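Hi,

Here is the structure I promised to pass along. Please have a look at it, and then read on for what turned up in it.

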Amino acid sequence: MRILHVLDHGLPLQSGYTFRTRAILKSQIARGWQVAAVTGPRHGAASAAVETVDGLTFHRTVGARRTGAVGEIAGVAAFARRIGQAADDFRPDVIHAHSPVLDAMAAWPVARRRGLPLVYEIRAFWEDAAVGNGTGREGSIRYRTTRMLETWMARRADAIAVICEGLRDDLVARGIPADKVTVAPNGVDMTLFGMPAARDPVLARSLDLDRADVVGFIGSFYDYEGLDDLIAAMPALVARRPKARLVLVGGGPMEAALRAQAAASPAAGSIRFVGRVPHEEVERYYALIDVLAYPRKAMRLTELVTPLKPLEAMAQGRLVAASDVGGHRELIRTNGDGGDTGTLFRPDDPAAIAHALAGMFDDRSGWNARRVRARAFVEAERNWSSNVSRYLPIYQGLVEAARTDGSWSRSLKFRH
């Protein structure tokens, strides 16, 4: 099986998007498949037209990225030309385009001209991601146009993969046949996060975390992550747990505003900003944190899309507390019969965050058992070594249909 992946951006850039991509490609290679990837104009400058990074081959779309509607159209056209060149060189059995929708729009004519099936993988709806990032407004002309393009492309792709049930349900509600959509959930590469790191006492002392109740967040600082609510919860948490500390690792668009908010907080002395750290250093910070907190705000993006970071925290043997939104409910079990894997709290509510976190620190009796359950869940249901099998029936069905009569547009039955 030869798979050509079409990507917005890729390694060596570091993001949740590139880490999922790396896991998919590495796991497919481990199954004996041959894979290559094409990155679009949004990836930015590259040192060569074809690069090998971490053992993976990336064909780059060279050229300065242009802005505005005309620039986006020109970018799609340039991307399509590069995808065509990569397809001619690599000769794939399947083209697998990953969101945003512009990637699939660039890949679609290439697949049709070369008689190749197209899989479109949606990790989030682009219009909702723009709202969550603060660069778009729900209901605007741009929002409605992007949503229309997303639906249009989903109808034309030969098969669709999504990362969670929320996205699948939304597509089905738009009229996309349910048997065309397969859930390939977010997962963890256990070869990277398989063994929790030992606590680094020197690093702990440098952050004044000795004998502290440590709450942490590791990731990108976007508005939808709700880190302002987490900072706002700290005075109440410190009032109940004077040794509570908040460690924020990462950066992003909200960093300056969050630092200003923390500096003005009565709990300023209990909040630590670490900044961005190399990916290979992340495990050292996980090992310092008792509870990883994910206070995502309630909105379409967070209701529909499952994040990756809580799974990484579970794999690291950390406790997880998160806002009660749809994306988190797909990952965190809170049943009261001893089978819980995390804690959920009311979204957009600093008081609820403080109460939930204080309650966790007040009673540590079940912590070890919860850690074991959460890690076992990741190993059994969110491990990329097994997750990658979700793609096999999609690829096989499309390739077999192509070999039989060259038609993939008819309804194909896949197992979900």
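A charge counts as sitting over a ring if NZ of Lys or CZ of Arg is within 6 Å of the ring centre and within 35 degrees of the ring normal. Please keep in mind that this is a predicted model. In it, Arg 2 lies over the face of Phe 90, at 4.3 Å from the ring centre. Another such case is Arg 123, found over the face of Tyr 17 at 4.2 Å from the ring centre.

Searching the whole structure gives eight aromatic pairs. One of them joins Phe 217 and Tyr 294: the ring centres are 6.0 Å apart and the planes stand at 65 degrees, so this pair is edge-to-face, as planes over 60 degrees apart are counted. Phe 217 belongs to strand β9 (residues 213–220) and Tyr 294 to strand β12 (residues 291–294), so the pair ties together parts that are 77 residues apart in sequence. Both partners are buried: Phe 217 has 2% relative accessibility, and Tyr 294 has 3%.

The pair of Tyr 391 and Tyr 395 also has ring centres 6.0 Å apart, but here the planes are at 15 degrees, so the pair is stacked. Tyr 391 is buried, at 0% relative accessible area, and Tyr 395 is buried with 0% relative accessibility as well.

Definitions and conventions. Residues are numbered from 1 along each chain as its sequence is written. This is a predicted model: local features need pLDDT of at least 70, side-chain atom pairs count only at pLDDT 80 or more; totals for chains, interfaces and linings use all residues. Side-chain values use heavy atoms; hydrogens and water are left out. Rings of Phe, Tyr and Trp (its six-membered ring) pair if their centres lie within 6.5 Å; planes under 30 degrees apart count as stacked, over 60 as edge-to-face and the rest as tilted. Helices (H or I, at least four residues) and strands (E, at least two) are DSSP runs, numbered from the N terminus. Buried means under 20% relative accessible area, exposed over 50%, partly exposed in between (1.4 Å probe, protein chains only).
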